[in-house]
Amino acid sequence: MAAGPAVVLVRPQLAQNIGTAARAMANFGLADLRLVAPREHFPNPAATAAAAGAAAVLDAARQFATLEDAVADLTPAYATTARERGPPKPV
């Protein structure tokens with residue numbers, strides 16, 4: 001297991017998203033990339049091209065069927081998501 005926090009991508013839609021996440025991780029010295037049910041087949045040449053020098057992160061990436069499996073050994077776990085786009089929503 002790699003030192004530092006793990007990055008978990010849940011159902012990433014594009015291989016390029018995986019590659020750019022790997023690139024950002026490598027920029028900050030992170031190496032534990034976990035993928036939950038990526039939409040596109042992985043490994044993927046588009047992910048490798050987008051990783052631009054972070055092939056080691058992609059090579060070590062692990063795939064999981066569920067989020068629960070991906071975070072089973074992590075304590076604590078934090079989550080983020082894309083914000084909704086469109087008109088403001090009342091809170």
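Student: How many residues does the largest nonpolar core have?

Tutor: First, this is a predicted model, where local features need pLDDT of at least 70, side-chain atom pairs count only at pLDDT 80 or more, and totals for chains, interfaces and linings use all residues. Residues are numbered from 1 along each chain as its sequence is written, and side-chain values use heavy atoms, leaving out hydrogens and water. A nonpolar core is a set of buried (under 20% relative accessible area, 1.4 Å probe, protein chains only) Ala, Val, Leu, Ile, Met, Phe, Trp, Tyr and Cys residues joined through side-chain atoms within 4.5 Å. Ile18 and Leu33 are among those with the most contacts inside the largest one, and its size is 15 residues.

Student: Which residues do salt bridges join into one network?

Tutor: A salt bridge puts a side-chain nitrogen of Lys or Arg within 4 Å of a carboxyl oxygen of Asp or Glu. Arg34 pairs with Asp32 at 2.9 Å, and Asp73 meets Arg34 at 2.7 Å. Asp32 also bridges to Arg62 at 3.1 Å. Through shared partners, the network holds Asp32, Arg34, Arg62 and Asp73.

Student: Is Arg34 buried or exposed?

Tutor: Exposed would need over 50% relative accessible area, with partly exposed in between that and the buried cut-off. Asp73, its salt-bridge partner, counts as partly exposed at 42%. Arg34 has a relative accessible area of 1%, so Arg34 is buried.
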